[in-house]
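Colleague: I have not looked at this one before. Can you walk me through it?
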Amino acid sequence: MKALLSIGILVMLMAHFASAQTYRKGEINIENFIEELFGMQRTDENYEDLYESLLQVFLNPINLNKTNAEELKSLFILTPTQVNNFIAYQNQFGKFISIYELQAIPDFDLETIYKLLPFVVLEDSEKTQESLKDRIIRSRDAYFIFRQNRVWETRKGYTAPDTLGNGTLTSRYLGDPSNLYGRFRMQHSKDFSLGFTIDKDSGEQFTWNPRTKRYGFNFFSYHFTLYNQGNLKAVSIGDFQMQTGQGLVFGAGFGVGKGAETITTVRRSTVGIRPYTAALEFGFFRGMAATYKAGPINITLMASNAPRDGNLQLQLDSLETGEEIITSLQSSGLHRTATEINYKNRIREKNLGGNVHYQSRKRDFQVGVNSLYTQFGQPFQRNRQVYNQFEFFGKENHLHSLYFAYNYQNYFFFGETAISKSGGKGSVLGMMSSLHPKLGFSVLWRRFDRDFHSFYGNAFSEGTRPINEHGLYFGLNYKPNQKISWSLYYDYFRFPWLKYRVYAPSSGQEWLTRFTYSPSRKILLFAQIREESKARNVSELPNNFQSAYQLSQGKKWNYAFNLDYSLDKHWSIKSRIMSSRFDFNGQKTRGFAISQDINVDYEKWRFSGRIVLFDTEDYDNRQFIYERNVLWLFSIPALNGQGMRYYLLGQYKISPKLTFWARIGRTIFTDRNVIGSGLQEIQGNTFTETVFQLQYQFNR
């Protein structure tokens, strides 16, 4: 019966897919995926880490015959009803025979399946009976990437230094303008992963100097992770991250937050240990972690001793004895000048932590606890200001939390509450639901005390960290048919204590709505409106001498209209109009951008191009537009001022093992003759950057 059903479904679906736009298995339209998840780009989001996490999921697809509800929810694609229907279908009919069989699951339409395909497989990716050494040698999923990119105009940091009145020379960059990046990765899904990442930023010296902790490339990251070794679910050595609960303690990974996808992105998934492979020089552990599976319970322990960049100063007491203190931590990862080099790896950060996770036999209930102890090599004594007096001070912190997740029919409840050493608490409580097959709903409440300290948290919040915030979020998604979709969210937030540039308690709100119309696989049209209201100091206005503690509510409106059209299976175009308004203390400013893309996709080569015209009256109206780039490189430039920007991107598959990318992007300003400031200053009105990348695939 199962075989006959699958054959019938396969025949029907092949007809459906054949009439749709050509789709290459294993590919993803990452531009559309990012547009839907992020909605409206913001400067306070770490998109590079999000992009890295997205590609990690893409390169380690989920085996549909071995997956569970938690894994499926972590993709942010399926609604609670679709997840429940998937599990029910699998329990009734057993393993999938064909990927096309997904259409037989209730509420799985073609659009959902197309979104899901790049992240799932059917073949058994479990390890074979070969030894680990042989599996590594024969691994077909291994590659090495090397990339060079640079800006061609001369920045002030690369010019000859000036001589000051006391005879000293002004600061300049010690290295050349090239950014060099390399990545090696060898993996077999659910079996092992090993690799390293090397990086030299623009302006950094390529030198071997143990005294300044520089060894050729300025950053070196590595990992070796094994999966499913008997009762050991995972063992990782080197650099790694952890994601459990709702991200109050361990929050690494693909946590999106507010965007055009208003339902599934409010929740974090418990994925446990994951290798760290990005080039960001912060936000990861370095040491060892392991997860032991004892029936329905997973026990994870981790230990880390990682270097951190920071500023150390000598503090003298009344007896003229000195103690080194940390005055600031540096997260830029840049080591271009003598001062920045002096910050490199000056601080040691030790972490000990663990997680205990229980899942019921029916897999509808999860509960877990997290603990993390952090110790710095020196006391942290930042420069005290009124707004930061409840931030972390001292040498050590410990953080503990309890979380749960419960699935009842089409309702999915989740939450986590945590307490740090200071006594500050953080809590998240939420619900996702499919009220109707065509209507989704989500709600999330959060409360983070002003003295809640979490160094690796990534919970849902308005700010970049879960601290000093109370909020309530509502999301809706209505999809009457496959062609039309309407999404909406509203978020109210309050900051009980002062913030940077907001020297009084404040509150705000944000809402976004998007209407999407896709009459066929060839056409995608959407219109989007977003409004955000947040307070800031009135003294931020130019030539304003009022008290810094007087606030005014700044309101910003963003509008976007977008059309994607596939001319045929090779050619497609994309047109977009964006505009914004900003109102602060009676002053109104505006901005807009108009862009046109063309994309060509053949078997061996691809080409993308874009031209953008922009005009913004001030920095608050800068326009963000996601740009295509080479693999593993993310780009969302902030267009500010008046001018034009264009880029050209080419990709050519030289052989089954070798792929080459080349990209050039240029911004031409019409309202200035100097770009940037400080050592980043460019004399002129153009900004040109190029990227060249080569990828070699082993064992192909």
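Modeller: One term to begin with: buried means under 20% relative accessible area, exposed means over 50%, and partly exposed is in between, with a 1.4 Å probe and protein chains only. This is a predicted model, where local features need pLDDT of at least 70, side-chain atom pairs count only at pLDDT 80 or more, and totals for chains, interfaces and linings use all residues. Residues are numbered from 1 along each chain as its sequence is written, and side-chain values use heavy atoms, with hydrogens and water left out.

Colleague: Fine. How many helices and strands does the protein have?
Modeller: Eight helices and 35 strands. Both are DSSP runs numbered from the N terminus: helices are H or I with at least four residues, strands are E with at least two.

Colleague: And what share of the residues counts as buried?
Modeller: Of the 700 residues, 52%. The protein exposes about 31400 Å², and carbon and sulfur atoms supply 57% of that area. Accessible areas come from the Shrake-Rupley method with a 1.4 Å probe, and for residues only the protein chains shown count as cover.

Colleague: What about contacts between residues 24 or more positions apart?
Modeller: They account for 63% of the contacts with a separation of 6 or more. Contact means heavy atoms within 4.5 Å.

Colleague: Salt bridges next. How many does a search of the whole structure find?
Modeller: The search finds 27. A salt bridge is a side-chain nitrogen of Lys or Arg within 4 Å of a carboxyl oxygen of Asp or Glu. One of them joins the side chains of Glu462 and Lys534, at 3.1 Å from N to O. That pair links distant parts of the chain, 72 residues apart: Glu462 is in the loop between strand E20 (439-448) and strand E21 (469-478), and Lys534 is in strand E24 (residues 523-537).

Colleague: Is Glu462 buried or exposed?
Modeller: Glu462 is buried, because its relative accessible area is 1%. Lys534 has 28% relative accessibility, so Lys534 counts as partly exposed.

Colleague: Which residues gather in a patch of positive charge on the surface?
Modeller: Lys213, Arg348, Lys350 and Lys395. Patches are made of residues with over 30% relative accessible area and no salt bridge; like charges are joined within 9 Å, and nonpolar side chains (Val, Leu, Ile, Met, Phe, Trp, Tyr) within 5 Å. Lys and Arg count as positive, Asp and Glu as negative, and His and the chain ends are not counted. The place of a charge is NZ of Lys, CZ of Arg, CG of Asp or CD of Glu. Lys395 is in strand E17 and is partly exposed, as its relative accessibility is 39%.

Colleague: Where is Gln381?
Modeller: Gln381 is in the loop between strand E16 (365-380) and strand E17 (394-408). Beyond residues up to four places away in sequence, Gln381 touches Ile325, Ile326, Thr327, Phe393 and Gly394. Its C-alpha atom is 9.7 Å from that of Gln313, 68 residues apart along the chain.
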